[in-house]
Protein chains: 2
Amino acid sequence: MDEKQMKAAMQEYIDAFNRVDVDGIVNLYADDATVEDPVGSPPKVGKAAIAEFYQMAIKTGAKLSLAAPIRGSHGNSAAMAFDVQLNMPEGSAVIRVIDVMTFNEAGKFSSMRAYWGQGDMELLGTKK
Amino acid sequence: MDEKQMKAAMQEYIDAFNRVDVDGIVNLYADDATVEDPVGSPPKVGKAAIAEFYQMAIKTGAKLSLAAPIRGSHGNSAAMAFDVQLNMPEGSAVIRVIDVMTFNEAGKFSSMRAYWGQGDMELLGTKK
């Protein structure tokens with residue numbers, strides 16, 4: 001995998017999420033891909049489970065913004081730090097996440113792992 | 001592993017590196033730990049190989065600074081985006097990295113993987 005292609009796919013993931021394009025996200029994944037979000041939870045396996053996961057995630061109205069430039073590697077993986085902006089009934093919140101993707105030879109994500117814990121969620125303001 | 005303990009160990013890694021404390025870094029690792037830096041290169045295995053790696057890395061005069069807050073997880077791992085500042089004979093440079101550490105039950109790093117590729121190195125200025 002070419003580093004630039006991997007980074008372009010990572011950026012497209014952010015962009016597709018923000019334009020509420022579940023098909024666009026799912027299309028970045030291999031058929032037999034796994035999604036472990038958060039790391040430490042049971043992985044979602046295969047495109048149907050992954051599509052369901054993103055339909056729910058996108059329905060929250062969450063928006064993603066990179067916290068630092070996307071990193072490549074000398075192998076078939078890349079990583080990025082980003083913030084998830086959430087507007088919930090209780091107020092606005094941010095979840096700070098690092099995603100690590102591995103790629104198959106077709107340039108699709110074969111796995112995604114999202115590193116975030118309870119301490120990475122922060123309530124930014126409450127509605128009155 | 002407690003999320004706060006994992007993040008404290010990640011922060012101590014940055015701090016030990018910046019105070020040129022190889023023993024302090026190596027002490028964060030388990031005896032049988034692995035270091036894959038960059039991801040895609042052959043892993044260093046065990047404390048002796050890891051100590052040798054950091055002696056060389058620290059000798060460059062590199063300094064580390066977090067690019068975003070350290071992320072935890074719901075499992076035994078944590079991740080952080082940081083920049084490596086380098087002053088080389090040719091000028092100053094930055095390498096943009098994301099490290100992922102897994103922890104053993106004693107709270108030591110059992111593995112470290114550093115995500116960065118050729119495209120994550122940038123020459124910032126050249127000496128005259």
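Two strands pair if DSSP finds at least two bridges between them. Helices (H or I, at least four residues) and strands (E, at least two) are DSSP runs, numbered from the N terminus. In chain B, Thr34(B) stands opposite Val45(B) in β2(B).

This is a predicted model, in which local features need pLDDT of at least 70 and side-chain atom pairs count only at pLDDT 80 or more, while totals for chains, interfaces and linings use all residues. Residues are numbered from 1 along each chain as its sequence is written, chains are lettered from A and ligands numbered from 1 in the order in which they are written, and side-chain values use heavy atoms, with hydrogens and water left out.

**Strands of chain B**

β1(B) and β2(B) run antiparallel and are joined by two bridges. β1(B) also pairs with strand β6 (residues 109-115) of chain B, here in the parallel sense and over four bridges. In this second pairing, Glu36(B) stands opposite Arg113(B) in β6(B). In a regular strand the side chains alternate between the two faces of the sheet.

**Backbone features in the loops**

| Feature | Residues | Angle |
|---|---|---|
| cis peptide bond | Asp37(A) to Pro38(A) | omega near 0 degrees |
| cis peptide bond | Asp37(B) to Pro38(B) | omega about 0 degrees |
| positive phi, not glycine | Val20(A) | phi near 60 degrees |
| positive phi, not glycine | Val20(B) | phi near 60 degrees |

Pro38(A) is in the loop between β1 (29-36) and β2 (44-45) of chain A. Pro38(B) lies in the loop between β1 (29-36) and β2 (44-45) of chain B. Val20(A) belongs to the loop between α1 (3-18) and α2 (22-26) of chain A, and Val20(B) to the loop between α1 (3-18) and α2 (22-26) of chain B. With a relative accessible area of 49%, Val20(B) is partly exposed; buried means under 20%, exposed over 50%, and partly exposed in between (1.4 Å probe, protein chains only).

**How the two chains are related**

Chain A is superposed on chain B by a rotation of 180 degrees with 0.0 Å of shift along its axis (RMSD 0.0 Å). That is the relation of a two-fold axis. The C-alpha of chain A nearest the axis belongs to Ala81(A), 3.2 Å from it. The superposition is by least squares on the C-alpha atoms of residues with pLDDT of at least 70 in both copies.

**The contact between the chains**

Contact means heavy atoms within 4.5 Å. The area buried between the chains is about 2200 Å², of which carbon and sulfur atoms give 59%. Buried area is the accessible area (1.4 Å probe) that two parts lose on being put together, summed over both. Arg71(A), His74(A) and Tyr115(A) supply 31% of the area that chain A buries against chain B, more than any other three residues.

There are four salt bridges between the chains, a salt bridge being a side-chain nitrogen of Lys or Arg within 4 Å of a carboxyl oxygen of Asp or Glu. A salt bridge joins the side chains of Lys7(B) and Asp120(A) (2.5 Å, N to O).

Lys7(A) is in helix α1 of chain A and counts as buried, at 18% relative accessibility. Apart from its neighbours within four places in sequence, Lys7(A) is in contact with Ile70(A), Arg71(A), Gly72(A), Gly119(B) and Asp120(B).
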